[in-house]
Amino acid sequence: MDGLELLQAIINGLVYGSVYAIIAQGFYITYITTKTLNFGQGDFVMVGALIGITVFGAVTSSGLGLLLAFLISLITVIAILGAAGWGLEQTAIKPLRGFHSIGWILSTVAVAMIARNVAMLIWGRDVMAAPSPFGKKVIDFGILRMLPHEIFVLISGFAIMGFLYFFLKKSILGKALEAVAFNKDAASLMGINPRLMAGLAFVISGALAGIGGIMVGPLVQPGAFMGVSLGLKAFAAAIIGGIDSPVGIFVGGLLLGVLEGIFAIFSTSLKDAASFVLILAILAFMPNGLFGKSVREKF
């Protein structure tokens with residue numbers, strides 16, 4: 001392994017890691033607000049990718065440009081997956097949380113399985129090709145080579161992270177979400193509706209999954225089963241970075257992507273093991289993740 005090969009692996013890892021981080025931010029939003037997670041997040045990504053392909057193809061066949069088609073498909077996917085996130089919270093999370101049950105875990109898994117089977121009925125079992133509006137011509141920077149879509153994904157990953165951080169810290173809705181996360185009862189006394197914030201959290205989570213599907217689609221071969229691996233890696237990124245820290249999740253996603261890229265140099269079969277290796281190595285010394293908050297348990 002020479003230096004150029006290692007650098008290429010690191011850059012490729014950062015590209016995929018930024019996608020993992022974006023998807024994992026959906027876990028963070030729902031966890032801080034409702035202490036629940038959508039374990040079907042990966043399948044939401046899959047649905048977003050497949051819907052994006054369909055819309056992109058329909059728009060381009062009508063004669064509109066590639067960039068406009070990409071924008072329309074992105075907006076459509078965000079709207080559909082945001083609505084799906086709200087529907088998930090209303091039907092699979094809210095009824096069971098009222099009974100102080102953890103049955104919502106299996107209910108989100110059930111929704112994921114339903115989404116996967118519906119996807120197979122609509123798009124079939126075969127993988128599909130997701131075109132990129134930026135073309136497939138490789139850009140040679142001398143010391144490394146990248147596809148235009150990879151550059152777009154890398155830049156977008158940092159931009160989305162910055163926007164999300166600004167939204168949570170500066171916007172009224174973001175502050176309301178954090179208020180509910182800090183103290184639901186106190187937030188209610190201040191006029192904030194925790195139930196509305198819970199629904200909003202899942203809308204954002206679903207939208208982030210859809211964005212992740214649009215971004216990762218041209219880099220992989222989208223199909224009905226692509227969400228299982230992506231959801232697992234996004235969850236790994238959340239655990240590695242600290243599920244209650246958005247910055248930690250982003251760092252965790254990048255670390256996971258880079259480790260995968262380095263593992264792939266030696267053996268592609270070891271690539272998927274990278275997430276588990278990193279989880280074991282970090283949690284052995286930092287049980288709350290790299291940036292997670294330590295909480296003293298009461299017995």
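**Contacts, burial and helix packing**

Student: Leaving aside neighbours within four places in sequence, which residues is Arg-116 in contact with?

Tutor: This is a predicted model, where local features need pLDDT of at least 70, side-chain atom pairs count only at pLDDT 80 or more, and totals for chains, interfaces and linings use all residues. Residues are numbered from 1 along each chain as its sequence is written, and side-chain values use heavy atoms, without hydrogens and water. With contact taken as heavy atoms within 4.5 Å, Arg-116 is in contact with Asp-43, Met-46, Ala-224, Phe-225 and Val-228.

Student: Is Arg-116 buried or exposed?

Tutor: Arg-116 sits in helix 4, residues 104–123 (helices are DSSP runs of H or I, at least four residues, numbered from the N terminus). Its relative accessible area is 18%. Buried means under 20%, exposed over 50% and partly exposed in between, with a 1.4 Å probe and protein chains only. Arg-116 is therefore buried.

Student: With which side chain does the side chain of Arg-116 make a polar contact?

Tutor: A polar contact is a pair of N or O atoms within 3.5 Å, one able to donate a hydrogen and the other to accept it; residues adjacent in sequence count only if both atoms are side-chain atoms. At 2.9 Å, the partner of the Arg-116 side chain is the side chain of Asp-43.

Student: At what angle do helix 5 and helix 6 pack?

Tutor: Helix 5 covers residues 148–170, and its axis is 5 Å from that of helix 6. Phe-167, Leu-168, Lys-169 and Lys-170 in helix 5 meet residues of helix 6 that include Ile-172, Leu-173 and Gly-174. The two helices are roughly perpendicular (65 to 115 degrees) to each other. The packing angle is about 75 degrees.

Student: How far is the backbone nitrogen of Gly-174 from a polar atom of the Ser-171 side chain?

Tutor: Ser-171 lies in the loop between helix 5 and helix 6. Ser-171 is buried, because its relative accessible area is 19%. From a polar atom of its side chain to the backbone nitrogen of Gly-174 is 3.0 Å.

Student: Which residues does Met-215 touch, not counting those up to four places away in sequence?

Tutor: Met-215 belongs to helix 8. Its relative accessibility is 3%, so Met-215 counts as buried. The residues touched are Ile-22, His-149, Val-153, Ser-156, Gly-157 and Ile-160.

Student: How far apart in space are Asn-12 and Glu-150, C-alpha to C-alpha?

Tutor: Asn-12 is in helix 1, residues 3–34. Asn-12 counts as partly exposed, because its relative accessibility is 25%. In sequence, 138 residues separate Asn-12 from Glu-150. In space, C-alpha to C-alpha, the distance is 8.0 Å.

Student: What is the phi of Lys-35?

Tutor: Lys-35 is in the loop between helix 1 and helix 2 (41–61). Most residues other than glycine have a negative phi. Lys-35 is not a glycine, yet its phi is positive, at about 60 degrees.

How values were computed:
Axes are lines fitted to C-alpha atoms, for helices over the stretch in contact, and angles run from 0 to 180 degrees between N-to-C directions. Angles under 35 degrees count as roughly parallel, over 145 as roughly antiparallel, 65 to 115 as roughly perpendicular and the rest as oblique.
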